[in-house]
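Here are a few exercises to work through with the model open beside you. Try each task before you read its solution.

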Amino acid sequence: MDFLPQVTKDGSLTFFSGEFQESFHSLYGAKQESFLKFVIPTQVPLFAQTGNVKILDVCYGLGYNTAVALQSIWGENPNCRVQVIGLESDPLVPQAAICHNVFADWHQQYKLILREIAFKHCYQDDNLSVRLIINDGRKSIQEVFSSGFLADVIFLDPFSPPHCPQLWTVEFIKQVALCLQPGGLLATYSCAAAVRTALVCAGLIIGSTTPVGRRTPGTIAGYAPHQHNYITETYPLGAAEIEHLNTRAAIPYRDPQLQDKAPDIMKRREQEVLTSTLESTSQWRKRWLTNHPPTQ
């Protein structure tokens, strides 16, 4: 298996992917990252109070986002019914998490659920229904949309855009947004201008979540007017972030037929950047440093 276990600062384990040359989580803490970057911004405990929560976990990976969400939901409302659809391209990832005892210190209830998801790709009891779809995420998301599933909460957690551009394109994110119910919320760890542009192109309003384990923030998104006040008041974009969306960095990744290979998607965007008349990112950065020098 091409997954090397790494201990993060909160004691939880993550993997390093040899294929993507990235860790699945920041070394700040895999469990804390799931909680602070995904569960809290999307108001999972608040949704739990309704008694029913639907979650779409894009890039299920080791299973942390789903596991922490379940823990938060049942901590708030033990009788809440939860439906989860997870998308994952590599079935060996969640299986490796079980084989490496990533969840060894979790309650037996969660270890059973996560084992069933990893090896059977489903789990069912009175309060929980989980389906893990193993396929290219671009195909899986179309299947989810066709099923009529509308999530209260979406976790968008692929590897970074330079390494996995196919899951950050305008076309893919539009499909993801179609699976978000009007009052739902989407969270991702990425603050890349190209990603934020894609979210806006999908009809979502966006905000900037608190940095966790790194200097850069994440992004929260939802539909207006349902989530407008929550996002703009709790997670407002800064002036520099707003202007960043008008630079070449904000030119999004595109995959018109949802089937191109990563190098082709990267090359298409590079060509668009080269011919763009938008302000360069370096000019934007220099201007902001000149007009807003860092304080000592």
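Helices (H or I, at least four residues) and strands (E, at least two) are DSSP runs, numbered from the N terminus. This is a predicted model, where local features need pLDDT of at least 70 and side-chain atom pairs count only at pLDDT 80 or more, while totals for chains, interfaces and linings use all residues. Residues are numbered from 1 along each chain as its sequence is written, and side-chain values use heavy atoms, with hydrogens and water left out.

**Exercise 1.** Count the helices and strands in the protein, then work out how much of the protein is buried.

Step one: the protein has 12 helices and 11 strands. Step two: "buried" means under 20% relative accessible area, with exposed over 50% and partly exposed in between (1.4 Å probe, protein chains only). By that cut-off, 53% of the 296 residues are buried. Step three, for the overall extent: the C-alpha trace spans about 55 × 45 × 40 Å along its principal axes.

**Exercise 2.** Find the aromatic pairs, and say how Trp-168 and Tyr-189 are arranged.

Start with the rule: rings of Phe, Tyr and Trp (its six-membered ring) pair if their centres lie within 6.5 Å; planes under 30 degrees apart are stacked, over 60 edge-to-face, and the rest tilted. Searching the whole structure gives seven such pairs.

Finally, look for a cluster: Tyr-64, Trp-74, Phe-103, Trp-106 and Tyr-110 form one.

**Exercise 3.** Which charged residues sit over the rings of Trp-106 and Tyr-253?

The test is NZ of Lys or CZ of Arg within 6 Å of the ring centre and within 35 degrees of the ring normal. Lys-31 lies over the face of Trp-106, 4.3 Å from the ring centre. For Tyr-253, the charged end of Arg-269 sits 4.8 Å from the ring's centre.

**Exercise 4.** Is H8 mostly covered or mostly uncovered?

Mostly covered: seven of its nine residues are buried, including Val-195, Arg-196 and Leu-199. After H8 comes Gly-203, with a positive phi near 90°.
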